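Opening the notebook on a new model today.

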Amino acid sequence: MFVSNKYRSMNKLVISNLSKTYSNGVKALNSISLNISEGMFGLLGPNGAGKSTLMRTIATLQEADEGSISFAGIDVLKDKDSVRKVLGYLPQEFGLYPKITAETLLNHLAVLKGITNKTERSELIKALLHKTNLYGDRKKNLGTYSGGMKQRFGIAQALLSDPRLLIVDEPTAGLDPNERNRFHNLLCELSENTVVILSTHIVDDVKELCADMAIINKGSVLLQGEPKKLIDELGGKIYKKSIERNEIEDYRANFEVISDRLLLGKPVIHIYAEIPPGNEFELVSAELEDVYFSKIHSS
Ligand code: ADP
């Protein structure tokens with residue numbers, strides 16, 4: 001019991017006041033602070049929010065200007081070698097050699113990671129191919145893989161070093177619903193005893209997977225918390241209405257419109273209101289989208 005608790009508390013990622021300004025003057029990270037425990041953590045934000053910059057900095061691929069990151073007692077910004085030993089990273093885009101097989105590439109990568117014992121290596125690769133459901137396709141060239149298979153291969157290579165910190169940057173963009181499901185299940189399985197950070201602009205990915213999350217925009221953390229609690233906090237305050245296209249600006253001027261989307265060609269708006277707004281608005285149960293859009297809207 002004592003040991004397992006100790007282990008649990010060790011795998012903690014603490015980011016404090018992290019800032020980064022690119023040489024062109026863009027402030028990509030503006031004093032970011034986050035506390036991330038084991039399990040699936042969703043980092044949600046629109047394009048340009050600073051997610052990849054943050055992921056690359058945690059993955060030791062990029063320097064920060066200010067602030068600190070620690071993981072399991074390791075000073076991430078200073079002791080890069082130690083982080084790399086416990087890190088698995090699946091970048092937004094990664095090149096694959098199209099003309100070699102998954103099995104061969106994993107074998108090469110395992111050798112590079114220092115797994116020199118042949119039997120140990122082939123057992124590890126077999127286990128990873130099974131885990132990512134690629135065993136049946138292990139002899140196929142990577143160039144023939146679908147988007148989902150490539151992402152699962154990305155996870156297989158990220159798992160070669162049995163990571164305690166796994167970072168996946170925008171992993172489901174371009175996957176069909178089946179592939180996306182399969183990828184989600186795989187991430188869930190991996191998140192036991194591991195900090196898994198899923199960076200995404202897709203609200204549903206976070207809704208379905210993550211026990212903890214943060215929303216970032218323009219380099220700042222807008223909020224951090226459990227999705228369910230954040231949704232509960234909006235209970236009784238989200239209303240919807242179907243309106244005409246030419247009415248949107250009027251509604252924006254008079255109500256706190258947090259989102260609008262087309263339903264069968266007609267805009268449906270969601271508003272935030274502390275007291276019932278009248279005007280034929282209908283109270284709806286809040287969703288994570290409402291949490292997300294209300295925060296982004298007011299940032
Ligand atoms: P996200 O992953 O959330 O889309 P990024 O971290 O990629 O956000 O980008 C954050 C901001 O920093 C954006 O305005 C982007 O244009 C800018 N940016 C990202 N990388 C660079 C870079 N290498 N040089 C200059 N600006 C960059």
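**Where the domains meet**

I counted contacts first: 13 residues of domain 1 touch seven residues of domain 2. This is a predicted model, so noted. For the bounds, I have domain 1 at 5-225 and domain 2 at 232-298, as the domain assignment gives them. Their centres, taken over C-alpha atoms, lie 34 Å apart.

Next I looked up the buried area, and got about 850 Å² between the two domains, 76% of it on carbon and sulfur atoms. On the domain 1 side, Val 203, Lys 207 and Ile 215 lose the most area, together 46% of what that side buries.

Then the charges: I find two salt bridges between domain 1 and domain 2. Lys 207 forms a salt bridge with Glu 289, with the closest N and O atoms 3.6 Å apart. For the elements, helix H8 (203-209), strand E9 (212-217) and strand E10 (220-225) each give two or more residues to the domain 1 side.

**Cysteines**

I searched the whole structure for disulfides and found zero. Cys 188 is in no disulfide, and the nearest cysteine sulfur, that of Cys 210, is 8.1 Å away. Cys 188 is partly exposed at 37% relative accessible area, whereas Cys 210 is buried at 7%.

**A loop glycine**

Gly 95 sits in the loop between strand E6 (87-90) and helix H4 (102-112). I get a relative accessible area of 71%, so I log Gly 95 as exposed. Its C-alpha is 23 Å from that of Ser 122, 27 residues apart along the chain.

Notes: Residues numbered from 1 in each chain as written. Predicted model: local features only at pLDDT ≥ 70, side-chain atom pairs only at ≥ 80, totals over all residues. Heavy atoms only, no water. Helix = DSSP H or I, 4+ residues; strand = E, 2+ residues; numbered from the N terminus. Buried < 20%, exposed > 50% of the residue type's maximum accessible area, 1.4 Å probe, protein only. Disulfide = S-S within 2.5 Å. Domains from an automatic or database assignment. Contact = heavy atoms within 4.5 Å. Buried area = accessible area lost by both parts, 1.4 Å probe. Salt bridge = Lys/Arg side-chain N within 4 Å of Asp/Glu carboxyl O.
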